[in-house]
Amino acid sequence: MPLLEVSSVAKNFGAIQAVAGMNFSVEPGEVVGLMGDNGAGKSTMVKLIAGNFPPSEGEIKVAGEVCHFQRPVEARAKGIEVVYQDLALADNLTAAENVFLGREIRKGTWPFDTLDKQAMIDRSADLFAELKSETRPRDLVKKMSGGQRQAVAIARTRLSNAKLVLMDEPTAAISVRQVAEVLELIRRMRAQGVAVMLISHRMPDVFAVSDRIIVMRRGSKVADKHTSKTSPEEITGLITGAIRAA
Amino acid sequence: MQLDIKPAAVAETGHAAIGEVTGLKEQGLWARLIAAQAFWVTIALTLLYAYMAYQEPAFRSAANLSNMTRNFAPFAIMALGMTVVIITGGIDLSIGSVVGLVVIVAGLFLTWHYPWYIAFPMGLMAGLVCGAINGYLIAYVGMSSFVVTLGMLSIARSLAVVFSGNQMLYQFGPDAPIVKAIGQAKWPLHAPAGWAPDWMPELSSHFWAMVLMALLLGYALNYKPIGRHLYSIGGNEQAARLTGVPVDLIKFLAYVFSAFCTSVAALLLLGYQGSAINAMGQSYELRVIAGTIIGGTVLAGGYGTAFGAVVGSALLEVIRNALLMAGVDSNWQGAFVGSFIILAVLLGMQSGGKPLIKAWIDQILPKRQR
């Protein structure tokens, strides 16, 4: 059974048709690249799956169950985590505080429950070690490099043993060495059976890690191919519209 | 594909630890301390106090200490609320007017011969309603905190004038002595009434209320999830929202808490003065914001402590008192207080990830010469 099944999903904002007739599925432990030009509907698609808003038409199934989320928290409860393009990190907090933001470990009974800081620090340290990232739980995010920040955002998704992680442009704003680190993180997640949807403009990155590439143009899917059966040239043609469909 | 370099392999071969590469050390207690503006303000406060105590025996007298602690306590209490609001990235300009409204409402009930235990909650209620309106419009309607609380500043003051009929209220009926006792109570007392030796200042109820509230707020900010959430809202509101923090509710509560602190301060002032006028609290908001900022709360949000709010307010009072004692023309006060606000923020400024002071020291005394 596919982990995620999107069938004839459409989303319009007033008169603007952002996404129309989208059909695809994602299997557990699969890395799927979602590509397309600016305004092709990639971000809308991600937000539909992540629960920022429900689709206008069609349905989204998670593990066979129809789910129309109203809020991101509901999607998270179903094992869907998102690494946002801006990473959604609070600069004034530490790595551990960011990882656990919104789901802090508490000890004691209400109303005397307090934050279990040590437990959160230890668990974050474990997560960073698991991701083989040189990130320390007590460091302020403000002082971190792009790659470390990415690791914090990814560690957050590992907290609840997510089944599907959506990554919006994870390699857009970081250095070459850090890109390699992030791609390695994605491979490691796949090895642990986590499905990843990678939304990116950067062709080499998508080809480096994806099992399958979905191309969107003007709100619709124009291709859904195994990475081994396509080429950057073909994908470029599909993105720009030089090739109609494949 | 540019993936010949496998980072994992590099990690296994044991490359340099991150601290060696970036020079970033994990923040210890000391590093955190010297990075905190409240720490420098505490030092400034101590130095100023020591200097004045040395120069002016009257300054260090128990009576003067008791005076100073009572004077700044209501401002510190309001600064606690202001700190919470500013941590979320907002501002509350309405507190001065809310003081006026609270004392007039409580004063009216006392004038109508209601007991204090009806009058005080009524005053508190009036304050909380103002806070709830502020909070609702800012958190749920999404208006700017500056605009909403500026409006409330005008509304609450106007209501205070209307309710009081522009009269001073001072005939507080049968409970007048209790009201005074609440506002003027002191502990510990000197002999013969109490056990305290003469060198010990008699600390007012204002001071003790401040200590209690500061401890509670400090506890909540440090150890409760809601404290963590407050900081995250100030740091990145969108991120807090996406991670499931109840942002709207917490922002709403921040303004209600500010109004609560303001109301408590107002009722203590009412008790101390034994009378209520609708002009009470005028321009308090500026003094409270000044104390809050001096204590290290950052106007942009995300940083601030309960301790800072208290120390910042205390510093303002000590400067004021010291100038009076030193015989400086009281018209100069504003200039001194203003300079201290700017100086304190300058001290707390960060330069390249280091506190400004440390950056200066590093510049004047390069590492290898020390």
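Student: Which residue is the bridge partner of Leu166(A) in strand 10 of chain A?
Tutor: Keep in mind that we're looking at a predicted model. Strand 9 (residues 164-168) and strand 10 (residues 195-199) of chain A run parallel and are joined by five bridges. In strand 10 of chain A, the partner of Leu166(A) is Met197(A).

Student: In what order do the strands of the six-stranded open sheet of chain A come?
Tutor: Start from the edges: strand 6 (80-83) and strand 12 (220-226) of chain A each have a single partner strand, so one side of each has no neighbour in the sheet. From one strand to the next, the twist averages 20°. Pairing in this sheet is mixed, and the order is 6-9-10-3-11-12.

Student: And which strands stand at the edges of the four-stranded sheet in chain A?
Tutor: That one is open too, with antiparallel pairing and the order 2-1-4-5.

Student: What stands opposite Val62(A) in strand 5 of chain A?
Tutor: Strand 4 (residues 57-62) of chain A pairs with strand 5 of chain A in the antiparallel sense, over two bridges. Look across from Val62(A) and you'll find Glu65(A).

Student: At about what angle does helix 1 of chain A run to strand 9 of chain A?
Tutor: Helix 1 (residues 42-50) of chain A packs on the four-stranded sheet, touching strand 1 (4-13), strand 2 and strand 4 of chain A. There, the helix direction makes about 65° with that of strand 2 of chain A. Helix 1 of chain A also lies across strand 3 (31-36), strand 6, strand 9, strand 10 and strand 11 (212-217) of chain A. Its angle to strand 9 of chain A is about 150°.

Student: Are helix 4 and helix 5 of chain A roughly parallel or roughly perpendicular to each other?
Tutor: The axes of helix 4 (residues 117-130) and helix 5 (residues 146-158) of chain A are 10 Å apart, and the packing angle is about 110°. Angles of 65 to 115 degrees count as roughly perpendicular. The pair is therefore roughly perpendicular.

Student: Which residues of helix 5 of chain A make that contact?
Tutor: By class, the contact has four nonpolar, one polar and two charged residues. Helix 4 of chain A brings in Ser124(A), Leu127(A), Phe128(A) and Glu130(A). From helix 5 of chain A come Ala151(A), Ala155(A) and Arg158(A).

Student: What is the radius of gyration of chain A?
Tutor: Chain A has eight helices and twelve strands. The globule rule gives 18 Å for 246 residues, and chain A comes out close to that, so it is as compact as a globular protein of that length. Its radius of gyration is 18 Å.

Student: Moving to chain B, what percentage of its residues are buried?
Tutor: The secondary structure of chain B comes to 17 helices and four strands. Take its contacts between residues at least 6 apart in sequence: 75% join residues at least 24 apart. Of the 370 residues in chain B, the buried share is 45%.

Student: Which helix of chain B gives the most to the side that touches chain A?
Tutor: Across the interface, 30 residues of chain B are in contact with 31 residues of chain A. On the chain B side, the elements giving two or more residues are helix 1 (7-12), helix 11 (225-235) and helix 12 (237-242). That side has 16 nonpolar, eleven polar and three charged residues. With six residues, the top contributor is helix 11 of chain B.

Key. Residues numbered from 1 in each chain as written. Chains lettered and ligands numbered in written order. Predicted model: local features only at pLDDT ≥ 70, side-chain atom pairs only at ≥ 80, totals over all residues. Buried ≥ 20, exposed ≤ 12 C-beta atoms within 10 Å, placed from the backbone. Contact = placed C-beta atoms within 7 Å. Nonpolar A, V, L, I, M, F, W, Y, C, P; charged D, E, K, R; others polar. Axes fitted to C-alpha atoms, helices over the stretch in contact; angles between N-to-C directions. Parallel < 35°, antiparallel > 145°, perpendicular 65-115°, else oblique. Rg over C-alpha atoms; globule rule 2.2 N^0.38 Å. Pairing = 2+ DSSP bridges.
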